[in-house]
Amino acid sequence: MPSRISPTTRKKISKRPGRFLTLGLDVTGWRCLVVGGGRIGARKAMTLMEHGAKVVVCSPRIEPGLRKAVQEQKLVWKQGEYNRARLRGVRLVVAATHDAALNLRISEDAEARGIPCCVVSAKRQTRVLFTATHTRDDVTIAVHSQGRSPRRSAEVRDRIARWLSADVESSAAHIDDVTSSGRCKATCGKVYIIGAGPGAADLVTVRGLQAIRRADLVIYDRILGRDFTEQLGLDSKYSQVEWLGAGRMGPARQSDINHRMLAAAVSGRTVARVKNGDPFVFGRGTEEIEFLHKHGVPCEIIPGVSSALGVLSGAGYAVTARERGRSVVITSAQLAGGAFNDQYPKADSVIVLMAIGMLGKVVDRLLADGWSPDTPTVIIERGTQAGEREVAGRLRQINVQAKEHDIESPAILAVGTVAARKYVSGGPTGRRSAVGREEVLNSRVTRQHLRMLEELD
Ligand SMILES: C[S@@+](CC[C@H](N)C(=O)[O-])C[C@H]1O[C@@H](n2cnc3c(N)ncnc32)[C@H](O)[C@@H]1O
């Protein structure tokens with residue numbers, strides 16, 4: 001038998017500010033008993049019915065609204081007075097008669113049988129309360145006042161509902177504002193342009209992660225991998241998450257992204273535009289921010305670990321070292337529109353992004369510029385990510401090696417002192433890519449590389 005609660009304990013409990021635990025309950029198929037067919041009983045019965053419960057109303061008389069539901073066989077009416085036998089097989093009870101003493105008796109009977117009971121006339125005795133709800137799309141707002149004032153709960157619910165619909169309307173108005181005036185107005189949201197690092201989720205900065213968690217819309221680059229936001233523990237129930245999966249980032253695509261960010265911002269949403277590496281290192285971050293500024297959208301840049309440096313450090317290559325390399329050039333093999341870049345300024349090391357597909361041309365250019373064919377060179381594919389691979393050798397042979405090993409984009413080419421020595425044999429020995437790292441270390445490529453480095457030393 002469930003233990004009874006003494007009146008003194010009940011009194012104490014009923015004064016506790018957070019007495020009611022607010023839960024969502026799936027009552028589909030539950031047999032629920034509503035005792036009392038008046039206005040309140042009818043309302044509770046209809047609510048339970050709308051949520052899929054099998055409702056039995058026990059009462060000598062019922063409201064006309066309920067009568068219709070009975071005729072349509074949506075609920076069952078047991079005409080007559082309450083008796084305990086009615087509780088058989090019941091999972092939830094509502095005591096809603098006009099007789100407060102009877103309601104209490106029903107509640108005690110239910111309590112004795114372990115059935116939760118909502119007592120409409122006695123807030124101290126009730127175990128269950130119905131919340132004032134409002135549902136919009138897939139979100140439900142539930143308001144209650146710890147049983148103190150259902151009217152106040154309904155008022156607050158209505159206020160929230162009005163605020164929500166005004167918000168949506170004003171968003172629509174804002175889009176009109178932007179299209180007519182070209183600028184976002186006062187209640188505009190904000191766009192965070194976030195550098196997420198080369199791809200390992202744990203290389204996102206704390207500031208970046210905080211902004212991503214706050215965002216209503218997260219748009220992230222393909223290079224980061226589809227499961228990137230999952231690895232960050234982002235719950236897509238709370239924010240809309242878009243992965244820029246297939247396809248090249250052509251002008252139409254970039255413009256589509258820009259407009260998606262703008263549309264979200266004008267409707268007052270916070271956007272996290274999560275970009276590979278650092279947004280301002282060959283990342284088109286400048287174009288995105290210029291577009292948003294033009295439309296008056298507030299933006300914030302959150303720097304990230306650029307693959308140009310982070311991929312190399314992560315793999316144990318020092319971009320500069322006191323005695324061996326004091327200058328570095330970071331460039332891209334491709335110019336805007338995909339044309340070949342043939343300018344590689346001289347430095348102790350040259351790091352080339354987007355070189356796969358034009359590797360032969362880059363190597364020829366560097367050799368023509370006077371780099372020795374024996375210059376140490378390394379290519380790292382998918383740096384810091386699961387499945388990271390590297391190919392190392394001399395400049396003259398790197399293109400052939402890359403082909404032999406089917407090196408694919410994204411990959412970094414590093415030429416010069418940076419590639420002359422590998423300081424550690426792997427990244428952090430953490431959970432991240434231990435398997436990938438082992439593969440790399442055991443691969444023929446890496447063994448060859450280590451031999452070559454020994455020779456150089
Ligand atoms: C469009 S650029 C973006 C660079 C980015 N903003 C940054 O700071 O790293 C893309 C190029 O970065 C390089 N890249 C990005 N992530 C990489 C990774 N995890 N491993 C190797 N190269 C990477 C590749 O050269 C790739 O083609």
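## Around the ligand

The shell around the ligand is made up of twelve nonpolar, ten polar and two charged residues. Here Ala, Val, Leu, Ile, Met, Phe, Trp, Tyr, Cys and Pro count as nonpolar, Asp, Glu, Lys and Arg as charged, and the others, Gly among them, as polar. Gly277, Val281, Gly283, Ser306 and Ser307 come nearest of the 24 residues around the ligand. A residue is near a molecule if its C-beta atom, placed from the backbone, lies within 6 Å of it.

Which element gives the most to this shell? α10 does, with three residues. Both α10 (307-314) and β17 (411-416) supply at least two residues each.

## The model and its confidence

This is a predicted model: local features need pLDDT of at least 70, side-chain atom pairs count only at pLDDT 80 or more, and totals for chains, interfaces and linings use all residues. Residues are numbered from 1 along each chain as its sequence is written. pLDDT is the predictor's confidence in each residue, from 0 to 100. The protein chain averages 84, and 81% of the residues score at least 70.

Residues 427-450 stay under 50 in pLDDT. Residues 453-457 are also below 50. Where pLDDT is low, the predicted coordinates should not be read in detail.

## The chain as a whole

The protein chain has 14 helices and 17 strands. Helices (H or I, at least four residues) and strands (E, at least two) are DSSP runs, numbered from the N terminus. Of the 457 residues, 36% count as buried. Buried means 20 or more other C-beta atoms within 10 Å of the residue's own; exposed means 12 or fewer; partly exposed is in between, with C-beta atoms placed from the backbone.

## Helix α4

Helix α4 covers residues 100-112. Its 13 residues, at 1.5 Å a residue, should span 18 Å, and its end C-alpha atoms are 18 Å apart, which agrees. The expected span is 1.5 Å times one less than the number of residues.

Asn103, Ile106, Ser107 and Ala110 are buried in α4. They cover an arc of only 100 degrees around the axis, so they are on the same side of α4. The arc is that of the directions from the helix axis to the C-beta atoms. Their cover includes β1 (31-35), β4 (92-95) and β5 (117-119). Gly114 follows α4, with a positive phi near 75 degrees.

## Ile330

Ile330 sits in strand β13 (residues 328-332). Is Ile330 buried or partly exposed? Ile330 counts as partly exposed because it has 19 C-beta neighbours inside 10 Å.

Beyond its neighbours within four places in sequence, Ile330 is in contact with Val281, Ala308 and Ile351. Contact means C-beta atoms, placed from the backbone, within 7 Å.

Terms used: Two residues are in contact if their C-beta atoms, placed from the backbone, lie within 7 Å.
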